[in-house]
Amino acid sequence: MVIAAKNLTLAYGKNIIVKNLSLAVGPTTVTALIGPSGCGKSTLLRTFNRMNDFVPSFRMVSGNIHYRDLDVYSNQVDPVFVRRRIGMVFQKPNPFPSSIHKNITWGPRINGFQGDLDHLVESSLKRAALWDEVKDKLNSSGLALSGGQQQRLCIARAIAMDPDVILMDEPCSALDPASTARIEDLITELKDRFSMLIVTHNMQQASRISQNTAFMLNGELVEYGTTSQIFNAPAQRLTEDYIMGRFG
Amino acid sequence: MTKDPTNNDPTNNDPANNDPTSNDPTNIYANGQAAREEGFTSSREIHLEASFLDNLARRRVQAKVFALAIQLATCMALLALGILVWRIGSQGLPYLNWNFITSFPSRKAERAGILSALVGSATIIFMTTIFAVILGVSTAVYLEEIASKNKFAKFLELNIANLSGVPSLVYGMLGLAVFVRIFDFGRSLLAASCTLALMVLPIIIIASREALRTVPPSTRLAAAALGATPWQTTYHHTLPAAMPGVLTGIILAISRALGEAAPLIIVGGVTYIAFLPTRLTDSFTTLPIQIFNWAGRPQEEFQSLAAAAIIVLVGLVLVTNGIAIFIRTKLENKNRW
């Protein structure tokens, strides 16, 4: 298992967001987290690479998370180490207000990358299917790109770190359908190299791109299985109702 | 009512709009007048109650009166500035020559100059800026980026807000007690710079914090997700993005510090200095102190020398601010969002 959460209970202040949840994600798979708004899936996702450390009221009430052999929330673990191995793509594209080149190279550079930076830029952009569109303007601002291109730049930026896992928090929700389709293709191509966890509101998207699907409701994991099983033969009544659009 | 047959715009069925005398659709008042004169006869017209039209006319008058009032207020400020510039210029310009700038002060008005005051002001403002920027920006970064909203940070915040309201004389007393006496800097350039730095510190801290707050949180999260430490995030992304706002604070601080005489007189600025400072512990004078001294003398010539020195001081403020604004514009172009 690459990431394993065990008996996890998470809270913001007094509000319990995730209740006693256990979930394990294997290597080189795409796992979709689905569920209605406010069910705790984004909170869960951000807990895997300790991005919730920036929310002052966040508390881990009980349980633990392991990334491979590493206890992610152990006192001895530096969150920087976790985030260097577990990358993240955010809901809204957030490139740095600097050149495309620097957007890609900054992360590796601050983490002690020794290799050829230009080569890294090219390979990362190619893997993010953005190279052909930007190869002539690597020194122009990342913010000058369209929304879909910006999001692919953010994916390229995450890939450039050569992570083990990439977390994506509704990566397509701010994009138009054409850009969404490109990102989905990209995710499918990348799954051979990385484990990916994707929070999505779009159930068609979950069924298109993921191998495994976890359905969450009110902070609890209702059902977790292969995507075809969840969508074609859900074991729980609640899962079926949600997938059929009867609530949420 | 004549209707233009070529006008096919279905929304444009207001009779007033088709009236050739009031075809400006933005002028609602005129349109309302026209509509009232024509009366409400056709069912195709927009129906407006007379009470609305009277009310609208009143509101339009109100708006015009208000616009006039604020224009007048602006003109008053400009007028005062204009009189000041004219008076200072007509009085000081005849005395403003190269000799005035390169001479030391003298008891004889025709030989007196501002060399020591100009050098003093330039040195002090240079050091003040360095001290205040290092301390002020660091404090702002600590409060915004590092300190969580704990009691200590809240206590600091309250104190900084209060410090910005403390009269400059009090800073002079503080400088005298702390820098001149306790730190034993003497009545020196160093003590003066430290005092002024302390005085403008709140301005820089408050402006820098505002600037840091405008940097989108998503930038900080993006950096953190790439394995950046908080310091790397601040140094490479947050602070550069906030730099234009920080520079605005620095501009305000420099302008304030350049014009201050009161705290420096308390710290020990003297008016007759016939040498250029060679060490930071040398005694000092500055342009505002020199102006204050000259303006207080009964002789007409010294009054005019004060006016000439004011022109130089204003020039110095404009030059330093110009440099800061130039840097800010360059940075703004670089980090456009």
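What pLDDT does chain B average, and what share of the residues score at least 70? Chain B averages a pLDDT of 84, and 85% of the residues reach at least 70; pLDDT is the predictor's confidence in each residue, from 0 to 100. Over residues 1-22 of chain B the pLDDT is below 50, and this stretch has 26 contacts in the model beyond near neighbours in sequence. Two residues are in contact if their C-beta atoms, placed from the backbone, lie within 7 Å.

This is a predicted model, in which local features need pLDDT of at least 70 and side-chain atom pairs count only at pLDDT 80 or more, while totals for chains, interfaces and linings use all residues. Residues are numbered from 1 along each chain as its sequence is written, and chains are lettered from A and ligands numbered from 1 in the order in which they are written. The model scores ipTM 0.90 and pTM 0.79.

In the interface, 18 residues of chain B are in contact with 21 residues of chain A. Helix 9 of chain B gives the largest share of the chain B side, 6 residues. Helices are DSSP runs (H or I, at least four residues), numbered from the N terminus.

| Helix of chain B | Residues of the helix | Supplied to the side touching chain A |
|---|---|---|
| Helix 9 | 217-225 | at least two residues |
| Helix 10 | 230-259 | at least two residues |

Within chain B, the axes of helix 5 (residues 115-146) and helix 10 come within 9 Å and cross at roughly 140°. Axes are lines fitted to C-alpha atoms, for helices over the stretch in contact, with angles from 0 to 180 degrees between N-to-C directions. Helix 5 of chain B and helix 10 of chain B are therefore oblique to each other (angles under 35 degrees count as roughly parallel, over 145 as roughly antiparallel, 65 to 115 as roughly perpendicular and the rest as oblique).
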